[in-house]
Every structure is written in structure tokens, then in C-alpha cells.
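Here is a friendly walk through one protein model.

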Amino acid sequence: MRTVERDDLEFLHRGNNHPSIARFLSGTPSIMPTIASDLEQQVNTDTVRLLVVPREGEFGDEPVGLVYMYVDDTRTMGLGGVWLLPEAQRQKFTQDALIHFIEYAFGPYGLHRIEVRTSEQNRVIQRLCDRWGFSHEGVIREREFRDGEYTDLERYGLLVHEWPGKEPLLDNVFNG
């Protein structure tokens with residue numbers, strides 16, 4: 001993973017507007033000036049954004065996705081998310097990136113809690129949360145408007161002392 005730079009705006013624009021990604025984000029198209037403004041504003045906030053960049057293989061040294069976390073004012077809780085370009089999905093990049101990101105959030109960044117809110121349709125993230133020990137904390141009813149209707153968000157939480165660490169999870173991803 002690496003930090004997001006101004007040169008990455010075109011990639012962010014492409015990802016944020018891809019139909020299969022946008023439906024899980026805001027659901028509305030993002031224009032380049034908005035993406036640039038968001039990036040500039042987040043330099044001075046407690047938002048962590050890292051690009052998922054494989055070191056080798058088909059996508060070696062090219063970004064394939066984004067992991068991000070909004071940190072609350074107390075700097076004890078983060079609300080995270082991830083997206084990957086469709087051509088990079090189903091190649092374990094999501095799991096690998098999220099495991100390292102959670103390890104960073106609980107380790108060097110020092111968070112006590114991570115919260116994930118995901119669309120009721122996003123079964124992949126829901127299964128990962130269940131597998132990694134996140135507690136399902138409830139449903140935020142009709143929280144978002146997608147595809148012409150209101151949809152629920154599933155809410156998950158994980159505390160630092162519940163996190164098993166990255167090694168057993170990475171072993172499971174790549175050897176299991």
C-alpha cells in the first residue's frame with residue numbers, strides 16, 4: 001500500500017465512477033474537481049487513505065484499489081472502507097489490504113476500535129467481518145438511497161483486544 005498523491009486523481013476518478021464501485025459508495029458520479037478538493041481537505045483531517053498497489057504479477061506497481069478510514073475526534077475509533085477495480089477483485093487483494101490496514105490502525109495508529117458500515121448487498125465484506133471476529137452490531141435502516149430505493153447498512157465493530165493479529169489471517173488467506 002502507499003499514500004494517495006495528486007498524480008493518483010485520475011485513478012480515483014475512474015474507481016469512484018465505475019458502476020460496480022459507485023453503487024457501494026455514494027451512488028452518484030464524482031467529478032474531478034470534487035475528488036481533488038476532497039484529497040486536499042483530507043490532508044488536514046484524520047482521514048487515512050492508502051492505495052492498494054501489488055508489488056508483482058499482472059498489476060505489479062499499479063494501483064488496483066483504495067482503503068480508507070475516517071478517524072473520530074477522540075482518535076480512538078475509525079470507520080473504514082475499501083474498494084477495488086473490478087478486474088482486480090477476487091484475487092485476494094481485498095483481504096490482504098484490509099488485514100494490513102487493520103494491523104496498522106490498531107498498531108502504529110493506536111486505535112481502540114474499528115467500525116465497518118457496509119451495504120446490505122455487500123456480502124463479501126460482511127463475510128470477511130464475520131470471519132475476522134467483528135461483531136455484527138446492528139442494522140442502520142434505510143440509511144442510503146441506491147438504485148432508486150432506500151437500503152440498509154450493516155454495522156460491524158472490532159476492538160483492539162479482539163484482533164488476532166495479521167499473521168494467522170494472512171496464513172489463512174494465502175495458504176487456506
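In which sense do β2 and β3 pair, and over how many bridges? The two strands pair in the antiparallel sense, over six bridges. Please keep in mind throughout that this is a predicted model.

## The overall plan

The protein has six helices and seven strands. Reading from the N terminus, the order of elements is β-α-α-α-β-β-β-α-β-α-β-β-α. Of the 176 residues in the protein, 44% are buried.

The seven strands come together in an open sheet. Going across the sheet, the order is β1-β2-β3-β4-β5-β7-β6, and the pairing is mixed. β1 (2–3) and β6 are the edge strands, each pairing on one side only.

β1 runs antiparallel to strand β2 (residues 47–52), and two bridges join them. To find this spot in the viewer, look for Thr3, whose bridge partner in β2 is Leu50.

Strand β3 covers residues 65–71, and six of its seven residues are buried, so the strand is largely enclosed by the rest of the structure. β3 also pairs with strand β4 (residues 77–84), again in the antiparallel sense, over seven bridges. Here Tyr68 has Gly81 in β4 as its bridge partner. β3 and β4 form a hairpin with five residues between the strands, and Arg75 in this hairpin takes a positive phi near 60 degrees.

Now for β7 and its two partners. Strand β5 (residues 113–119) pairs with strand β7 (residues 149–159) in the antiparallel sense over seven bridges.

Asp61 is in the loop between β2 and β3, and its phi is near 65 degrees, a positive value in a residue other than glycine. Asp61 counts as exposed because its relative accessibility is 60%, and the cut-off for exposed is over 50%.

Glu142, by contrast, lies in strand β6. Glu142 is not a glycine either, yet it has a positive phi of about 45 degrees. With a relative accessible area of 53%, Glu142 is exposed.

Which residues of helix α1 (residues 9–17) are buried? They are Leu9, Phe11, Leu12, Gly15 and Asn16. Seen down the axis of α1, these buried residues fall within an arc of 155 degrees, so they line one face of the helix.

His18 sits in the loop between α1 and α2 (19–22). At 28% relative accessibility, His18 counts as partly exposed. The C-alpha atom of His18 is separated by 8.6 Å from that of Pro86, although the two residues are 68 apart along the chain.

Is Asn122 buried or exposed? Asn122 counts as buried because its relative accessibility is 17%, and buried means under 20%. Asn122 lies in the loop between β5 and α5 (123–131). The side chain of Asn122 makes a polar contact with the side chain of Thr118, at 3.5 Å.

## The second largest pocket

Finally, a stop at a pocket. The second largest pocket has a volume of about 360 Å³. Twelve residues line this pocket, and Met1, Val53, Pro54, Arg55 and Asp96 lie nearest its centre.

Which helix gives the most to the lining of this pocket? That is helix α4 (residues 93–106), with four residues. By class, the lining has seven nonpolar, two polar and three charged residues.

Note on methods: Residues are numbered from 1 along each chain as its sequence is written. This is a predicted model: local features need pLDDT of at least 70, side-chain atom pairs count only at pLDDT 80 or more; totals for chains, interfaces and linings use all residues. Side-chain values use heavy atoms; hydrogens and water are left out. Two strands pair if DSSP finds at least two bridges between them. On a 1 Å grid over the protein atoms alone, a cavity is a set of points where a 1.4 Å probe fits but cannot get out, and a pocket is an open set with protein on both sides within 12 Å along at least five of seven lines; lining residues have an atom within 4 Å of a point. Grid points are joined across faces, edges and corners, and a volume is the space filled by probe spheres set on the points. Ala, Val, Leu, Ile, Met, Phe, Trp, Tyr, Cys and Pro count as nonpolar, Asp, Glu, Lys and Arg as charged, and the others, Gly among them, as polar. Buried means under 20% relative accessible area, exposed over 50%, partly exposed in between (1.4 Å probe, protein chains only). The arc is that of the directions from the helix axis to the C-beta atoms. A polar contact is a pair of N or O atoms within 3.5 Å; within protein, one must be able to donate a hydrogen and the other to accept it, and residues adjacent in sequence count only if both atoms are side-chain atoms.
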